[in-house]
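Subject: Handover of a model

Dear colleague,

I am passing the structure below on to you, and my notes on what was found in it follow directly after.

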Amino acid sequence: MPGTEACRWLLALAALALVPTAGAADSAPASAAAPAASAPAVQAAGPRLRIVEVRGIELRGNQARVDMVLQVRNPGGWKLTLDDIRFHCSFNGTATAQGHSTGDLDLPPHGSADVPVRVDVDGAALLQVLAALPPDGLVHYRLDGDAELNHTLLRIPFHEQGDVALRLR
């Protein structure tokens, strides 16, 4: 049986499925939107991730290894235990890496943790990105993936983006 935190997440996610989005409410008849408008809004937010730092890039022929630090943030008001965070990463629109965390990550309410990650990537794709680096080395990244919640097999998706500096080791 899932823990208390997992049950809260399951209930919040189920409630989100029942609350229409703004676009759906606008297109629905007024009589159908009224009950949903009077229901309490449940806010559930999945984990937020960002690349804090790329510590190094090591090129090895047609393969490369990237060492980076992900910051995982819990925007919710209760403890969050995540297992096996899986993600795809692209730099400047070029699909570059796939990765996953190792081990459980316990985040307190509104807390965060830095997670070092080492990923093996396609060297040609990475060279394409490195060849077009601006002088400051900043690239736009996008992370798409999901995280398993507290050993429940429930996967929470995330889609994040930002900028980070790349540098060779």
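To begin with the strand pairing, H88 has D144 as its bridge partner in β7, where strands are DSSP runs of E with at least two residues and helices are runs of H or I with at least four, both numbered from the N terminus. This is a predicted model, in which local features need pLDDT of at least 70 and side-chain atom pairs count only at pLDDT 80 or more, while totals for chains, interfaces and linings use all residues. Residues are numbered from 1 along each chain as its sequence is written, and side-chain values use heavy atoms, with hydrogens and water left out.

Strand β7 (residues 138-149) pairs with β3 in the antiparallel sense over 8 bridges, pairing being assigned if DSSP finds at least two bridges between two strands. β7 also pairs with β8, again antiparallel, over 11 bridges, and there D146 has P157 as its bridge partner in β8. The hairpin of β7 and β8 has 5 residues between the strands, and N150 takes a positive phi near 45° in it.

K79 lies in the loop between β2 (63-73) and β3 (80-91), and it counts as partly exposed because its relative accessibility is 36%, between the limits of under 20% for buried and over 50% for exposed (1.4 Å probe, protein chains only).

As for confidence, the mean pLDDT (the predictor's confidence in each residue, from 0 to 100) of the protein chain is 76, and 72% of its residues reach 70 or more. Confidence is lowest in helix α2 (residues 22-27), at a mean of 37, and highest in strand β8 (residues 155-165), at 94.

Best regards
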